[in-house]
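Okay, everyone, let's get going.

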Amino acid sequence: MENLIFSLNATVPIFLLMILGFLLKKLGVIDDVFASKMNKFVFLVPLPVLLFEDLSTVDFAQVWNMKFVLFCFVVTLVCIILAALVSFLWHDKSIQGEFIQASYRSSAALLGIAFIQNIYGNAGMAPLMIIGSVPLYNIMAVVVLSFFKPDRKKLDKEVWKTTLKGIVTNPIILGIAAGLLWSALRLPMPSILEKTVSDIGAVATPLGLMAMGASFDIKKAFGKVKPAAAASVMKLVLFAALFLPLAVWMGFRREELVAILVMLSSATTVSCYVMARNMGHEGVLTSSVVMLTTLFSAFTMTGWLYILRSMGMV
């Protein structure tokens with residue numbers, strides 16, 4: 001019972017904030033435009049600041065873990081390959097690109113930080129998980145969405161340049177880099193700056209989760225039921241079942257395991273839909289997977305966390 005309570009305490013507050021955002025949207029307090037701008041604001045300002053705050057105050061040598069970063073990179077790559085292989089089972093080839101992206105791409109930054117913060121009080125290993133997985137998420141999203149376009153045109157050089165520029169200038173990556181650099185140089189943090197940074201970073205999680213909830217549309221969740229259900233099962237259950245035992249065997253524990261859990265089995269990120277639409281895909285399958293994984297991850301994440309807690313791993 002103690003382990004179940006621990007798991008619920010870690011997951012329920014996160015999904016309650018998402019439900020609050022959903023209810024505020026239904027009541028008319030938040031509309032689609034406001035939710036979109038709130039999402040963008042969190043991505044551009046408080047989330048990078050939060051990552052900078054957590055990394056700038058710790059010892060660089062203690063934070064960096066090459067084994068962990070490489071594990072996140074390799075496992076993410078394997079998940080993408082598995083999703084690509086499964087995509088060939090569908091008769092409708094126009095949905096392959098959307099299926100692959102929606103199956104592997106997690107809400108790693110927002111939910112990863114939220115979960116680890118909820119359990120341990122800081123972002124912990126989430127920034128290193130982001131370094132290991134998020135750039136690969138973005139690069140491979142361009143590859144699969146371009147290669148598996150319904151019209152099957154060749155990869156566009158301009159799309160590549162834009163994506164690579166987007167990765168280099170990604171606010172989350174910049175926040176991590178600035179935090180690591182500040183830590184490595186052992187720069188002091190004046191009290192005024194520390195308080196300001198702390199206050200800005202504190203709004204990242206609640207605002208981001210409410211924005212995700214406000215973006216939720218139940219009707220879209222049933223757009224393409226069979227492929228959406230398959231992608232959702234892979235995203236929430238299969239990848240974690242395959243790679244969590246490997247992570248445990250390799251010696252990862254506590255914040256590391258929670259970060260890996262989020263990377264493997266958190267809900268598909270909302271940005272998948274935006275990217276799919278902007279690259280010539282219909283977007284119905286992507287939005288369906290986003291909605292289904294967001295809805296059911298409340299139960300699956302609690303279940304995975306309960307198992308790990310019962311085994312004394314987190």
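So, Gly312 sits in the segment after helix 16. Keep in mind that this is a predicted model. Buried or exposed, then, for Gly312? Exposed, because its relative accessibility is 57%, and the cut-off for that label is over 50%. Its phi is positive, near 75°. And if you look across the chain, Arg254 is 58 residues away from Gly312 in sequence, yet their C-alpha atoms are separated by 9.0 Å.

Now back up into helix 16 itself, which covers residues 284-310.

Who does Thr286 touch, leaving out residues up to four places away in sequence? That would be Glu98, Cys272, Tyr273 and Ala276.

Okay, over to the other end of the numbering. Helix 1 runs over residues 2-26, and Val12 lies in it. Val12 counts as partly exposed, since its relative accessibility comes out at 35%. Val12 is also part of a nonpolar surface patch, together with Leu8, Leu16, Ile19, Leu23, Leu27 and Val29. Together these residues have about 640 Å² of accessible area. For anyone eyeing the spacing: an α-helix has 3.6 residues a turn, so residues three or four places apart point the same way.

That's it from me.

Definitions and conventions. Residues are numbered from 1 along each chain as its sequence is written. This is a predicted model: local features need pLDDT of at least 70, side-chain atom pairs count only at pLDDT 80 or more; totals for chains, interfaces and linings use all residues. Side-chain values use heavy atoms; hydrogens and water are left out. Helices (H or I, at least four residues) and strands (E, at least two) are DSSP runs, numbered from the N terminus. Contact means heavy atoms within 4.5 Å. Patches are made of residues with over 30% relative accessible area and no salt bridge: like charges are joined within 9 Å, nonpolar side chains (Val, Leu, Ile, Met, Phe, Trp, Tyr) within 5 Å. Accessible areas come from the Shrake-Rupley method with a 1.4 Å probe; for residues, only the protein chains shown count as cover. A salt bridge is a side-chain nitrogen of Lys or Arg within 4 Å of a carboxyl oxygen of Asp or Glu. Buried means under 20% relative accessible area, exposed over 50%, partly exposed in between (1.4 Å probe, protein chains only).
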